[in-house]
Amino acid sequence: MKRNSKKLIVYGKNLKLQRKQIKSFTALMEGKINKQLKKVLKKIVKEAHEPLAVADAKLGGVIKEKLNLSCIHSPVVNELMRGIRSQMDGLIPGVEPREMTAMCLGLAHSLSRYRLKFSADKVDTMIVQAISLLDDLDKELNNYIMRCREWYGWHFPELGKIISDNLTYCKCLQKVGDRKNYASAQLSELLPEEVEAEVKAAAEISMGTEVSEEDICNILHLCTQVIEISEYRTQLYEYLQNRMMAIAPNVTVMVGELVGARLIAHAGSLLNLAKHAASTVQILGAEKALFRALKSRRDTPKYGLIYHASLVGQTSPKHKGKISRMLAAKTVLAIRYDAFGEDSSSAMGVENRAKLEARLRALEDRGIRKISGTGKALAKAEKYEHKSEVKTYDPSGDSTLPTCSKKRKIEQVDKEDEAIEKKAKRAKVKIKVEEEVVEDVEDTEEEVVQVVEEQETSVKKKKKKDKKKHVKEEPLSEEEPCTSTAVASPEKKKKKKKKKVNED
């Protein structure tokens, strides 16, 4: 006991010394002078005749101001310091090289922890790993459930249509196993009475194939895997919720656990995410769409991962862009508050979310006012009620046999005959009207033809008169026979005959 107590006392003293050393080292790195350095420099000021070589220019300026000691900072000084560090083992007697390396490593670790203000509750790498594992579990669960339904569907295909929930499907399958056991099984713990009765009735008349016991054992083993993975997923989701509320409570209030965790995982850490602008956070996750739009000179995307937030999801499509922009701006404030602030409360996130919800209500109300008649009063929007129409299956299309017509009553037959006669009369009237129209068109065509023929005959008569005049004016030659007399001979003969008739 005494030895242990002495060891604890020595360990406590060493921790105090380490803390003092760390504070002095951090002060030097920040360009400040501590008490020990002041004492050493005061002794040097009295005896120094040359300027002091300093590796840090900021620290050299502080020493020159407070102690009036000239300092030098140059590349030659840096090389000199590097040589001193490499030959530290020989310059300090009584220290082994292993101890020196261990001391340097411990000092480097403690310095980095002190500067970063290391806290186990503020580790965002746990969130990154948890959200990536949650996504992987969702993919694996979907694959396993799909395989289980398809595999057991060969034996009992009707069960997949009756039970839609995947977890209850696997639990029923694990409890019963073979299709023949459903008649004697009690599923009241898993299913309601109506569904249980439907399952038992379907099991009796199922069209599935018979399966061996070995196949059933493998299917049941797959069901147990699905149930275990789903239980672990719920546990992991609760863990992620707790870690997000501890590390980024304001971000969790603004966009939710899953969206906040995905934003942190996409950026790499909470500090990296805090360095992004609001416009970058808005598009984070839609990089491919952004660069495709810039390349093709089209409209850039309005949202990325932030689209899955509840505030964006409950807005109308018209206002999604505005709400995503405002939500990204407020989320960036919450991220920076969570990353750099010392307070771990979520009051800021709650206040900003209330502002965004009020802004969303104002946008929606403005649209309703525009629809209303006066423009001032709110339009009365009726409450939406979802009316589900259940369509029943028509089995008449399945049969290939010719369907026999049903016997009809005498009154129905008479009515049908009257309707047929009326349709026939209407058709006859239409045909008559069409024939009259056709006749009128033919008459008009004949009249047009007659007018055209009369015009042609008048034109021919004019031409003949012109020819006669031309023949009278020109003298006939003795050698050449007259063509005009040959043309006009039949007319002359007619005139001669008329004269003879008159004389007689």
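Which residues of α7 are buried? They are Ile-127, Val-128, Ala-130, Ile-131, Leu-134, Leu-137, Leu-141, Ile-145, Cys-148 and Tyr-152, where buried means under 20% relative accessible area with a 1.4 Å probe and protein chains only. This is a predicted model, in which local features need pLDDT of at least 70, side-chain atom pairs count only at pLDDT 80 or more, and totals for chains, interfaces and linings use all residues. Residues are numbered from 1 along each chain as its sequence is written, and side-chain values use heavy atoms, without hydrogens and water.

**Helix α7**
- Helices here are DSSP runs (H or I, at least four residues), numbered from the N terminus.
- An α-helix has 3.6 residues a turn, so residues three or four places apart point the same way.

**Cysteines**
- You will find zero disulfides in the structure (a disulfide is a pair of cysteine sulfur atoms within 2.5 Å).
- The closest cysteine sulfur to that of Cys-148 is in Cys-223, and at 3.4 Å it is too far for a bond.
- Cys-148 counts as buried because its relative accessibility is 0%, whereas Cys-217, at 51%, counts as exposed (over 50%).

Technical notes. Helix = DSSP H or I, 4+ residues; strand = E, 2+ residues; numbered from the N terminus.
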